[in-house]
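Here is a short briefing on one structure. It covers loops, a helix pair and a nonpolar core.

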Amino acid sequence: MPSAMEGSEGGEEGEILRYEETEDDNVSPTDLSELLKEGTKESHDRAENTQFVKDFLKGRIKKELFKLATVALYFTYSALEEEMDRNKDNPVFAPLYFPLELHRREALVKDLKYFYGEDWKEKIQCSEATQHYVDRIHHVGQHEPELLVAHAYTRYMGDLSGGQVLRKVAQRALKLPSTEEGIQFYMFDNISNAQQFKQLYRARMNALDLDKNSKERIVEEANRAFRFNMQVFDELDKIGRSLAEEAQDGGLPVHDGKGDLRKCPYYADKLGKAGPGCPCHAAVALAKQPLVQLILAACVAVAAGAAAWYIM
């Protein structure tokens, strides 16, 4: 579910997690925006080096994996925006409430309809790592609403920064339509100038009436948000390794037999409908194993020899 990863590659993909593109002479080291910037640098570095993010930035992203990442984003932003709506009049968060400009849930619904069809709700489920993230967001929104600032900052500022690089990578790598179908999540139609909006957002953060302890807790929560994101990335990376290359015609990917088929969220959904012993997937996965291929080759050789002897 990348949207704000700072890559170490050169060129366009090399500047991903730069929330603060320009220096602001009016900020103080004790301002919340500066504390977040400095206090999450290490998390930035770790997040950018997850295998999933590095592969994504290089354009090595399977369509099924991108779809699952979109599903994770849907559940994450549904929770975040539900709690933001709950706290829209709470002074500890109200100045950062920009539903028209920032909210992503409806855009993600459009993406899910594009990838899964009108019955998308019946085809998706919240993964284990994403559920941990969602649970934390709900806890914060209901019991420590001042910490919502950390989750909003981590997600939305990243979406407006590195997320725009990821949009281009995804569109190019997955050959998505130029009409932005499938990447609506990255489109902020109600923000005409992302840099100016980010400056406004940081100014609003710095104007919040927070004591030193509250600011420290927000920075700590932002680092926790990064950890949740990295756990989702790691989960997606494990799933990615279990998916073989996609069929050229865009058909279903074939599980390569590694790991437990039932633990893959995508296949778990399919198995729930087709039954745990899908003979097609089992046969293909079995046939892809090196030992089985060797045995089959030997059988073919024996059969060919017997046929030749019989003909003679």
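**Loop residues**

Lysine 175 lies in the loop between α9 (162-173) and α10. Helices here are DSSP runs of H or I, at least four residues, numbered from the N terminus. The model is predicted: local features need pLDDT of at least 70, side-chain atom pairs count only at pLDDT 80 or more, and totals for chains, interfaces and linings use all residues. Residues are numbered from 1 along each chain as its sequence is written, and side-chain values use heavy atoms, without hydrogens and water.

- Most residues other than glycine have a negative phi.

**Helix pair**

- The axes of α8 (residues 148-160) and α10 (residues 194-206) come within 11 Å and cross at roughly 165 degrees. Axes are lines fitted to C-alpha atoms over the stretch in contact, with angles from 0 to 180 degrees between N-to-C directions.
- α8 and α10 are therefore roughly antiparallel (over 145 degrees).
- Contact (heavy atoms within 4.5 Å) involves residues including Tyr153 of α8 and Phe197 of α10.

**Nonpolar core**

- The largest nonpolar core has 70 residues. Such a core is a set of buried (under 20% relative accessible area) Ala, Val, Leu, Ile, Met, Phe, Trp, Tyr and Cys residues joined through side-chain atoms within 4.5 Å.
- Phe52, Phe56, Phe66, Leu102 and Tyr201 touch the most other members.
- Helix α4 (residues 63-86) gives the most to this core, 12 residues.

Technical notes: Buried < 20%, exposed > 50% of the residue type's maximum accessible area, 1.4 Å probe, protein only. Helix = DSSP H or I, 4+ residues; strand = E, 2+ residues; numbered from the N terminus. Parallel < 35°, antiparallel > 145°, perpendicular 65-115°, else oblique.
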